[in-house]
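Please walk me through this protein chain.

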Amino acid sequence: MSAGQDQDDDGCADAEYESIRLAARSFCLDTLQDLETGMGDESYGDILYHASYKSARHWCEKEAFAHGLAGVELFEHYLERLSARGWGRFSLAEADFRTGTADVRLDHSTLVLSQAEACAARTCYMFAGWFAGMMDWIGENAGKPLSTICCETQCGADGFDHCIFAIRPRLLN
């Protein structure tokens, strides 16, 4: 258990405001891969996107209240927390929170590192919903509602040395 975490009576780790269960990386990765295989990339990707979008919004609300964070500080705090939880090293490459545009860099993605070799397929797309959800929450709470979308534009699984996620305003028809 890491610093800042306690354990409650049912054996659940308590990380600040939220109770979490710790699981082995291999279990998480094997589960994700089997679900993707069973459901198909597109269906699985849609479910992950929407679930992670909602999760990010919930996290932002709790963390903003707990730590008095907003805007870029909240975004960077979120990336630090994801990095600390072992998904890889996340950093904000560039951002314009007024327009809802940002690029997030991911080095040492655990999803890429779990593969034996480059696979010519984007692997880290499960993170995209987190970033759009966070950007939209930040905009709404700054009084400038946004509707963004995020996609992985570069992945380490394609042979790059890092992944890039592009957050952009959603085009309305």
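Two rings of Phe, Tyr or Trp (for Trp, its six-membered ring) form an aromatic pair if their centres lie within 6.5 Å; planes under 30 degrees apart count as stacked, over 60 as edge-to-face and the rest as tilted. By this rule the chain holds 10 aromatic pairs. One of them joins Phe90 and Phe127: the ring centres are 5.2 Å apart and the planes stand at 85°, so this pair is edge-to-face. Phe90 belongs to strand β4 (residues 89-96), while Phe127 sits in the loop between α4 (110-113) and α5 (128-141), so the pair ties together parts that are 37 residues apart in sequence. Phe127 also pairs with Trp130. That pair is tilted, with 5.2 Å from centre to centre and 40° between the planes.

How covered are these rings? Buried here means under 20% relative accessible area, exposed means over 50%, and partly exposed lies in between (1.4 Å probe, protein chains only). Phe127 is buried, at 0%. Phe90 is buried at 6%, and Trp130 is buried at 10%. Phe90, Phe127 and Trp130 belong to one aromatic cluster, together with Trp59, Tyr78, Trp87, Phe131 and Phe165.

A word on the model itself. It is predicted: local features need pLDDT of at least 70, side-chain atom pairs count only at pLDDT 80 or more, and totals for chains, interfaces and linings use all residues. Residues are numbered from 1 along each chain as its sequence is written, and side-chain values use heavy atoms, leaving out hydrogens and water.

Now step back to the whole chain. It has 5 helices and 7 strands. Helices (H or I, at least four residues) and strands (E, at least two) are DSSP runs, numbered from the N terminus. Along the sequence they follow the pattern β-β-β-α-α-α-β-β-α-α-β-β. Of the 173 residues, 38% count as buried. A contact means heavy atoms within 4.5 Å. Among contacts between residues at least 6 apart in sequence, 54% join residues at least 24 apart.

Next comes a sheet. Two strands pair if DSSP finds at least two bridges between them. Four strands form an open sheet in the order β4-β5-β7-β6, with antiparallel pairing. β4 and β6 (148-154) stand at the edges with a single partner strand each, so one side of each has no neighbour in the sheet. On average, neighbouring strands are turned by 20° against each other, direction ignored. Axes here are lines fitted to C-alpha atoms, for helices over the stretch in contact, and angles run from 0 to 180 degrees between N-to-C directions. β4 and β5 pair over 7 bridges. Leu92 stands opposite Val104 in β5.

Which helices meet this sheet? α3 lies across β4, β5 and β7 (163-169), running at about 160° to β4. α5 packs on the sheet too, touching β4, β5, β6 and β7, and makes about 145° with the direction of β6.

Look along α3 itself. The expected span of a helix is 1.5 Å times one less than its number of residues. For the 14 residues of α3 (residues 71-84) that gives 20 Å, and the end C-alpha atoms are 20 Å apart, which agrees. Its buried residues are Leu74, Phe75, His77, Tyr78, Leu79 and Leu82. Gly86 follows α3, with a positive phi near 90°.

Finish at Asp107. It lies in strand β5 (residues 101-107). Asp107 counts as buried, at 13% relative accessibility. Leaving aside residues up to four places away in sequence, Asp107 touches Gly88, Arg89, Asp161 and His162.
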